[in-house]
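This report covers a single protein chain. Its sequence and coordinates are shown first.

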Amino acid sequence: RGERDLEKATKVAPPEVAPAQAAAPKRERRRADPSFAVIGGDGDDDGATAAAAAGKSAALLALEEAVKSGRKLSGKERRLLKKETESYELSRKIATLGDAVVELTVADEGRGSGSGAADDADADAASANARDVRVRDFSIGVKGQKLFVSATLKLAHGRRYGLIGPNGRGKSTLLRHIAQRKLAVPARIDILFVEREADGDDTPAFEAVARADEERTRLLEEQTALERHLASEHDSPDLGAQAQATSASASASASEAALAQLSVVHERLAALGADACEARARSILFGLGFTREMQARPTRLFSGGWRMRIALARALLMQPTLLLLDEPDSHLDLNATIWLTHYLSTWRNTLLVVSHDMDFLDNVCTDVVLLEDRQLKYYRGNYQKFVSMHAQQQREHDKAFSRQEKERREGKGPGGGGSAGKGDRKKRGGPVEPEQVLLEKRKEYVVN
């Protein structure tokens, strides 16, 4: 008892928060640790503070005490310790908002300390001009369920990525976070996420697609207004000689300004390829199954599935730098799916698509991203190449797992009973090997 009292007396108390830091606003204290920025929910700082102060679970406390006491943990206990520690660390970093909507943490990309304002400005400029996406060490949770833990998002410009994984693991959530820029996507990259169907109103289907290009639509309206103004000036009624001379002088200067502006509008329309826009819109709609008669039909007369096709056509017409699609073939018939597969196989910008269709992934994608164990794993090549590489990895894992289980049964490997040799080496002063991480039996997953 005297030894325990002495040990308690000699323990160093945790450092107290300095008065200046304690008095600082909550937002400033959050910035004091640059390694994590918390995004999501309604920004309630009280929720984030409560999450950061969350205590350890009873299981974690018990296991930590066992480690401190020097007791050797079994394989099952080591796995539980790893899981509980990971859960605790994540809960400290994520802003928990009660029944909250979404929790997200993103690690800072890491500018070195002391780099100076010039380096920061250069980094910001490079990020603004980049067309590749790279977000490191982000975590996402929904209503307490962890979907991503310390994951990394890597999208190279011009590559077409197929995102695969079991349902309910966060694929659509990831697309939504990218589209809402909750992840650090460079500002130069314009993003289009086809998430919901087009609005149903009296607008014809063709017009609904063509008007997706807002700049073209605005320029066409301006062109019409300028041409109407010039026509009205030309058709103005005859006046008296003196009034006509005065009016002619004023209208001449106005006409010159209108003609100059009309020339600017024409040049911009030519640069945008406005003449080809109508033909492209009709071609896309036809590929997605719209006949000429259907293209003239008001959007309110279409079902939800057909309005999703209209929304998809709008996205394809706009050609964004980063296009996000969530199972686009689920609303298409066979002919439309074949057309979309061919169209996307020549897509020049970056594409991230979720699909469970192996043929679609095989013909469209240049890379496959596997969502597994709350991580994103990248494979170069189409789906068939992914299957081959992933099968090889699984065979190697199975061999390692079988070897581990055999050693455990014989008392030689991690989690086995063969600890005498290790203890003898420790007594003799010899080197002690570090604890090995136990492999887990792999989980099967097949697309489609």
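## Basis

This is a predicted model, in which local features need pLDDT of at least 70, side-chain atom pairs count only at pLDDT 80 or more, and totals for chains, interfaces and linings use all residues. Residues are numbered from 1 along each chain as its sequence is written, and side-chain values use heavy atoms, with hydrogens and water left out.

## Whole chain

The chain holds 18 helices and 10 strands (DSSP runs, H or I of at least four residues for helices and E of at least two for strands, numbered from the N terminus). Of its 448 residues, 34% are buried (under 20% relative accessible area, 1.4 Å probe, protein chains only).

## Helix H17

Helix H17 covers residues 383-409; at 1.5 Å a residue its 27 residues should span 39 Å, and the end C-alpha atoms lie 38 Å apart, which agrees (the expected span is 1.5 Å times one less than the number of residues). Buried residues in H17 include Tyr383, Phe386 and His390. Their cover includes strand S5 (160-164), helix H16 (358-364), strand S9 (367-372) and strand S10 (375-380). Just after H17, Gly411 has a positive phi of about 80°.

## Sheet

An open sheet of 6 strands runs in the order S6-S7-S8-S5-S9-S10, with mixed pairing (two strands pair if DSSP finds at least two bridges between them). Strand S6 (191-194) and S10 are the edge strands, each pairing on one side only. S5 and S9 pair in the parallel sense over 4 bridges, and Ile164 stands opposite Leu370 in S9.

Notes:
Buried means under 20% relative accessible area, exposed over 50%, partly exposed in between (1.4 Å probe, protein chains only). Contact means heavy atoms within 4.5 Å.
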